[in-house]
Amino acid sequence: SYKYSGGKIMVDKAIYEQVHQWMEAHKENMIHDIQRIVKIPSISKPEEEIRPFGAACRQVIDEMLQIGREHGFYTENYEYYVGSIGEKEKKWDDMIGFWNHLDVVPVGEGWDFDPFGAELKGDLLIGRGSQDNKGPAIGMLYVMECIRDLKLPVGHQLCLFVGSDEERKMADLEYYTKNHPTPALSMIADCGFPVCYGEKGIVEGKTVSLGTMSESVLEFYGGSAGNIIPDKAVLAVKNDSITEKQLEELKGLKQPSTEESLIRVEKKEDQIVVTAKGSGGHSAFPEGSTNAIQVLCKAVLSAKILGENDRKILEAVCEGTSDNYGEAFGIQYEDIESGRLTCVGTMLRLKENHAELTFNIRYSITAKGCEITEKLINYWNGKGFKWTTDRDSAPSFFDPSHPAVGALTETYNELTDRSLKPYTMGGGTYARKLPRAFGFGIGNMPEAKKEESSCLRPGHGNAHGADEVLDCERLSKALEIYVMGLLALKDVKLLAEK
């Protein structure tokens with residue numbers, strides 16, 4: 001458990017003011033650099049001819065390294081899996097590495113702004129990847145430049161690493177760690193302050209119906225990526241398979257009191273299309289989101305418009321998305337270190353008339369992935385489905401008694417007048433693919449006064465959601481804390497066990 005014995009951190013207020021002034025002077029340039037890479041639609045696509053993750057991911061690595069050179073750093077391109085920005089001569093045994101990713105999740109539905117327009121509304125920069133994780137990536141470059149310009153004594157070499165497949169399977173880091181050295185200590189700016197020393201395990205898999213849906217079902221789909229809670233789901237059936245009375249029942253499921261109906265029913269030439277709306281978000285943090293697949297299945301089942309076999313498949317999908325904690329499958333779990341297991345049905349597809357439902361499961365640090373998958377196999381067998389596990393990424397854990405954890409945590413608390421402790425989370429970052437790695441910031445800053453409510457609809461603005469937004473003012477404040485935290489590590493032995 002976390003025990004810091006290094007004493008109270010004494011922040012040098014004179015240096016802190018210098019850092020603040022530097023960040024303020026460079027804020028406009030930083031925002032411009034962030035816009036440059038947010039405008040690139042860098043969704044990882046390993047199936048594209050241009051390797052390893054498609055043309056856009058190559059483009060964003062090139063642009064990021066170009067920005068690094070413009071700021072006077074030496075850059076290296078590791079076959080477009082990873083890029084680095086730092087010094088030419090690497091001191092791996094005395095290096096603190098910063099790790100950020102430049103790939104983004106698919107856009108999804110419901111945007112009011114251009115997902116890749118990088119539009120600025122006051123201090124809010126709107127665009128896919130602005131918050132997760134392009135803004136922090138550029139921010140870490142400015143941290144290094146600030147330290148260099150002010151000649152601050154951090155005591156260790158610093159280097160920024162950027163990857164291009166984090167949101168998919170982290171094949172970028174798997175390649176890099178097999179072929180290249182890693183820093184003595186790695187910090188990932190892809191979480192909240194203070195220090196995240198542990199991450200839940202991740203099971204990804206899918207269940208496929210053994211039986212097929214009838215020919216009257218033309219489409220049955222929802223979701224856009226394995227780690228996004230689906231904000232849209234669709235069922236399309238042949239026009240002649242539904243009576244006028246059933247059609248009216250479906251239309252009656254609309255909710256005119258809401259801003260936008262959860263269910264929309266359209267009668268087209270040869271088909272009836274039922275569209276369900278939900279509210280998206282990151283599958284690791286399902287609280288406050290609404291799964292559109294669940295909304296769709298409940299509505300269609302209540303209207304009783306399908307035949308018996310089709311209903312059985314829908315009932316199984318409906319039950320499988322009925323909660324976000326695995327209770328339906330008997331895999332619910334909770335521990336003191338990392339909290340509740342989460343389990344979200346994220347993508348639904350109809351393949352050769354077989355229903356296929358993908359799940360993203362974040363299991364507690366003390367749980368076992370093999371036991372979870374065994375229960376899933378048994379559960380879905382009983383429903384006439386077959387479960388297949390695609391990936392089981394074990395939990396990550398960094399010793400919270402390491403002096404770096406205490407020094408960074410106490411620096412954050414001193415500068416924000418808080419008393420937070422290091423924590424664990426359900427999100428998966430590069431920390432699970434690197435030795436001697438943990439998360440530190442950029443989120444969890446004190447709220448700034450914002451006009452956010454006036455330019456974003458409720459439920460918009462989150463990472464992985466519609467109208468993803470980066471608060472540039474809060475980012476700038478977070479970077480000041482980052483610089484001061486690195487100064488607190490000046491005399492810390494990076495490779496010390498405790």
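Guide: A residue counts as buried when its relative accessible area is under 20%. The model shown above is predicted.

Visitor: Does Trp-99 count as buried or exposed?

Guide: The relative accessibility of Trp-99 is 0%. The cut-off for burial is under 20%, so Trp-99 counts as buried.

Visitor: What kind of pair do the rings of Trp-99 and Phe-161 form?

Guide: A search of the whole structure finds 23 aromatic pairs. In the pair of Trp-99 and Phe-161, the ring centres are 4.3 Å apart and the planes are at 10°. Planes under 30 degrees apart count as stacked, so this pair is stacked.

Visitor: What kind of aromatic pair do Phe-329 and Tyr-379 form?

Guide: The centres of these two rings are 4.8 Å apart, with 70° between the planes of Phe-329 and Tyr-379. An angle over 60 degrees counts as edge-to-face. The pair of Phe-329 and Tyr-379 is therefore edge-to-face.

Visitor: Which strands stand at the edges of the open sheet of three strands?

Guide: The strand order in this sheet is β4-β5-β26, and the pairing is antiparallel. An edge strand has a single partner, so one of its sides is left without a neighbour in the sheet. The strands in that position are β4 (119-121) and β26 (469-471).

Visitor: Which residue in β26 is the bridge partner of Ile-126?

Guide: Strand β5 (residues 124-126) and β26 pair in the antiparallel sense over three bridges. Ile-126 has its bridge partner in β26, and that partner is Val-469.

Visitor: What angle does the direction of helix α11 make with that of β26?

Guide: Helix α1 (residues 13-38) packs on the sheet and touches β4, β5 and β26, its direction making about 15° with that of β5. Helix α11 (residues 472-488) also packs on this sheet and touches β4, β5 and β26. Between the directions of α11 and β26 the angle is about 55°.

Visitor: Which element gives the largest share of the largest nonpolar core?

Guide: The largest nonpolar core has 71 residues, and those with the most contacts inside it are Phe-98, Met-187, Tyr-482 and Leu-486. The largest share of this core is ten residues, and they come from α11.

Visitor: What separates the C-alpha atoms of Val-19 and Pro-52?

Guide: Val-19 lies in helix α1 and is buried, with a relative accessible area of 0%. Pro-52 lies in the loop between α1 and α2 (55-70), and the peptide bond from Arg-51 to Pro-52 is cis. Val-19 and Pro-52 are 33 residues apart along the chain, and their C-alpha atoms are separated by 38 Å.

Visitor: What is the phi of Tyr-80?

Guide: Tyr-80 is in the loop between β1 and β2. Its relative accessible area is 18%, so Tyr-80 is buried. Although Tyr-80 is not a glycine, its phi is positive, at about 65°.

Visitor: Is Arg-436 buried or partly exposed?

Guide: Arg-436 is found in the loop between β23 (423-425) and β24 (437-440), and has a positive phi of about 55°. Its relative accessible area is 34%. Buried requires under 20% and exposed over 50%, so Arg-436 is partly exposed.

Conventions:
Residues are numbered from 1 along each chain as its sequence is written. This is a predicted model: local features need pLDDT of at least 70, side-chain atom pairs count only at pLDDT 80 or more; totals for chains, interfaces and linings use all residues. Side-chain values use heavy atoms; hydrogens and water are left out. Rings of Phe, Tyr and Trp (its six-membered ring) pair if their centres lie within 6.5 Å; planes under 30 degrees apart count as stacked, over 60 as edge-to-face and the rest as tilted. Buried means under 20% relative accessible area, exposed over 50%, partly exposed in between (1.4 Å probe, protein chains only). Two strands pair if DSSP finds at least two bridges between them. Helices (H or I, at least four residues) and strands (E, at least two) are DSSP runs, numbered from the N terminus. Contact means heavy atoms within 4.5 Å. Axes are lines fitted to C-alpha atoms, for helices over the stretch in contact, and angles run from 0 to 180 degrees between N-to-C directions. A nonpolar core is a set of buried Ala, Val, Leu, Ile, Met, Phe, Trp, Tyr and Cys residues joined through side-chain atoms within 4.5 Å.
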